[in-house]
Amino acid sequence: DETTVCDVGARLHRYVFESTDEQQTLVVGLRDGRYALRINDVLRAELAAFLDALPTPPVNVTGTFRVCNVAQGVGGGVQLLDAGAEASGATCSTRDTRVVVPNPELDF
């Protein structure tokens, strides 16, 4: 069955992160070889690759992050703050602790 624009959960774009995700909690888990991305405990996407797709993964691929800033669109910059750094006092405005990743394309 195909999803139509009026169906619950329908999307009119192909990127994962939206500007409304800023300051929300992202949890990345690995299940059956796919990355499950949850924003505030709601499944947003399942991806074959996430941070590990970068040439040098800057942080652990799975874990909890704060979404600091989002450029909507596939490949747009998404700034993440590792929860461990946040617990140590870092904020989204602390440059050395943020990681910028491309906004991934949905593949489910």
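Figure 1. Read along the sequence, the protein chain follows the pattern β-β-β-β-β-α-β. The secondary structure comes to 1 helix and 6 strands; helices (H or I, at least four residues) and strands (E, at least two) are DSSP runs, numbered from the N terminus. This is a predicted model, in which local features need pLDDT of at least 70 and side-chain atom pairs count only at pLDDT 80 or more, while totals for chains, interfaces and linings use all residues. Residues are numbered from 1 along each chain as its sequence is written, and side-chain values use heavy atoms, with hydrogens and water left out. Of the 108 residues in the protein chain, 34% are buried; buried means under 20% relative accessible area, exposed over 50%, and partly exposed in between (1.4 Å probe, protein chains only). The chain exposes about 6400 Å², and carbon and sulfur atoms supply 47% of this area (Shrake-Rupley method with a 1.4 Å probe; for residues, only the protein chains shown count as cover). Among contacts between residues at least 6 apart in sequence, 51% join residues at least 24 apart; contact means heavy atoms within 4.5 Å.

Figure 2. A nonpolar core is a set of buried Ala, Val, Leu, Ile, Met, Phe, Trp, Tyr and Cys residues joined through side-chain atoms within 4.5 Å. The largest one has 20 residues, and those that touch the most other members are Phe 17, Leu 26, Leu 37, Phe 50, Val 67 and Leu 80. At least two residues of this core come from each of strand 1 (25–31), strand 2 (34–39), strand 3 (42–47), strand 4 (63–70), strand 5 (77–82) and strand 6 (98–102). Which residues does Phe 50 contact, leaving aside its neighbours within four places in sequence? Phe 50 is in contact with Phe 17, Leu 26, Val 28, Tyr 35, Leu 37, Val 61, Leu 80 and Pro 104. In soluble globular proteins, nonpolar side chains tend to be buried together.

**Figure 3. The disulfide of Cys 68 and Cys 92.** The whole structure has 1 disulfide, a disulfide being a pair of cysteine sulfur atoms within 2.5 Å. Cys 68 is joined to Cys 92, with an S to S distance of 2.1 Å. The pair links distant parts of the chain, 24 residues apart: Cys 68 is in strand 4, and Cys 92 is in the loop between helix 1 (83–87) and strand 6. The disulfide is left-handed because the torsion about its S-S bond is about -80°. Both Cys 68 and Cys 92 are buried.

Figure 4. Two strands pair if DSSP finds at least two bridges between them. Strand 1 and strand 2 run antiparallel and are joined by 6 bridges. Here Leu 26 stands opposite Ile 39 in strand 2. The hairpin of strand 1 and strand 2 has 2 residues between the strands, and Asp 32 takes a positive phi near 55°. Strand 2 also pairs with strand 3 in the antiparallel sense, over 5 bridges. The bridge partner of Ile 39 in strand 3 is Val 42. Strand 2 and strand 3 form a hairpin with 2 residues between them, where Asn 40 in the turn has a positive phi of about 50°.

Figure 5. Ala 36 is in strand 2. Is Ala 36 buried or exposed? Ala 36 counts as buried because its relative accessibility is 13%. Not counting residues up to four places away in sequence, Ala 36 touches Val 27, Val 28, Gly 29, Leu 43, Ala 45 and Glu 46. The C-alpha atoms of Ala 36 and Thr 62 are separated by 9.2 Å, and the two residues are 26 residues apart along the chain.

**Figure 6. Salt bridges.** The whole structure has 4 salt bridges; a salt bridge is a side-chain nitrogen of Lys or Arg within 4 Å of a carboxyl oxygen of Asp or Glu. Side chains of opposite charge can pair when their charged atoms come close. One of the salt bridges joins Arg 14 and Glu 105 (3.7 Å, N to O). This pair links distant parts of the chain, 91 residues apart: Arg 14 is in the segment before strand 1, and Glu 105 is in the segment after strand 6. Arg 14 is partly exposed, with a relative accessible area of 45%, and Glu 105 counts as partly exposed at 43% relative accessibility. Another salt bridge is formed by Arg 44 and Asp 21, whose closest N and O atoms are 2.6 Å apart. Arg 44 lies in strand 3 and Asp 21 in the segment before strand 1, so this pair ties together parts that are 23 residues apart in sequence. Arg 44 counts as buried at 15% relative accessibility, as does Asp 21 at 2%.
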